[in-house]
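Please look through the structure below before reading on.

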Amino acid sequence: MADIQHLRLLQQGAVSWVEWRSHHPLIEPDLSTADLTGANLRGAALSHTNLRKAELCEAKLISAQLTGAMLNQANLYKAQLIDAILQQAELVDACLIAADLRGADLSQANLIGADLKGANFDRADLARTNLIGTELRGATFREADLSQADLRHAHLSQTILLKANFSHANLGSATLFEAEAIEAHFYQANLQKANLMQIHLTSAYLFGANLREANLTRGDFGWTNLSKADLTNANLTGANLRGATLTGANLTGANLTGACLRGANLSRANLTCANLSEVNLKEVNLSRAILKGTIMPDGSVQP
């Protein structure tokens with residue numbers, strides 16, 4: 001339960017609150033379970049504050065200082081957190097549905113299990129953030145930095161990921177169904193067993209990405225760089241790989257039935273036991289590709 005004195009000081013306004021905090025730098029304010037619905041906390045100094053289970057629905061936290069704050073199970077529905085500092089903040093099981101986090105710094109924050117449906121993370125810093133199992137359907141991440149973020153089992157269906165940076169991120173078993181990830185950056189990202197059905201990754205960069213056993217059915221990878229990517233046993237049925245670069249990629253056991261490979265570069269790619277049924281190989285570069293046991297478009301199997 002919130003400390004009554006701390007809550008009253010905050011309600012007196014920003015000036016009184018900042019002055020009190022400057023004189024008591026070692027005290028970690030307790031505002032747990034406080035009802036701050038719609039409160040104007042613009043620029044508030046709330047670093048290391050206990051806001052567990054606090055009601056912050058539609059609160060204005062623009063440019064607020066929340067470094068290391070405890071916000072587990074807090075309700076931040078439609079809260080305005082534009083340019084807020086949430087480095088290393090704890091947001092486990094928090095509700096941030098439709099919250100505005102444009103330009104916010106959430107680096108190394110813990111959002112495991114949080115509900116982030118429809119939240120706006122455009123240009124936000126989520127580097128090394130824990131997003132395991134988070135609900136992110138319909139969220140936007142235009143030009144956001146998610147490098148080294150942990151997104152295992154996260155739900156990213158129908159998200160907007162235009163030009164987002166997922167370099168070295170862990171998206172194992174994540175769902176990115178119908179996500180818009182045009183020009184996104186997935187350098188050496190882990191997407192093993194991820195669901196990327198009907199994803200739009202046109203002109204994206206997936207150099208060295210791990211896509212083993214991933215479901216890429218009917219995904220759009222036109223002009224995408226998949227050089228040295230690991231697509232072992234991946235499902236690429238009906239995928240668009242027109243003009244894609246797959247130089248040195250591992251496609252062992254991959255299913256490319258009905259995929260579009262027009263103008264694709266598969267030089268030095270490993271297609272051992274891959275399925276190329278119904279694929280038009282005209283204009284495809286297969287120089288030095290390994291085709292042992294590969295099922296060719298005419299149904300024949302390469303020796």
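Helices here are DSSP runs of H or I with at least four residues, numbered from the N terminus. The model is a predicted one.

Begin with helix 1, which spans residues 4-11. Which residues of helix 1 are buried? They are His6, Leu7, Leu9 and Leu10. These four lie on the same side of helix 1, because they cover an arc of only 160° around the axis. An α-helix has 3.6 residues a turn, so residues three or four places apart point the same way. The face of helix 1 turned away from the buried side holds Arg8 and Gln11, which are exposed. Just after helix 1 comes Gly13, with a positive phi of about 120°.

Next, find Asn120, in the segment after helix 2 (14-23). Its side chain makes a polar contact with the side chain of Thr140, at 3.1 Å. Apart from neighbours within four places in sequence, Asn120 is in contact with Ala99, Asp100, Leu101, Arg102 and Thr140.

Last come the cysteines. A disulfide is a covalent bond between the sulfur atoms of two cysteines. With a cut-off of 2.5 Å between the sulfur atoms, the count is 0 disulfides. Cys57 is in no disulfide, and the nearest cysteine sulfur, in Cys95, is 8.1 Å away. As for accessibility, Cys57 is buried, with a relative accessible area of 16%, while Cys95 is partly exposed at 22%.

How values were computed
Residues are numbered from 1 along each chain as its sequence is written. This is a predicted model: local features need pLDDT of at least 70, side-chain atom pairs count only at pLDDT 80 or more; totals for chains, interfaces and linings use all residues. Side-chain values use heavy atoms; hydrogens and water are left out. Buried means under 20% relative accessible area, exposed over 50%, partly exposed in between (1.4 Å probe, protein chains only). Helices (H or I, at least four residues) and strands (E, at least two) are DSSP runs, numbered from the N terminus. A polar contact is a pair of N or O atoms within 3.5 Å; within protein, one must be able to donate a hydrogen and the other to accept it, and residues adjacent in sequence count only if both atoms are side-chain atoms. Contact means heavy atoms within 4.5 Å. The arc is that of the directions from the helix axis to the C-beta atoms.
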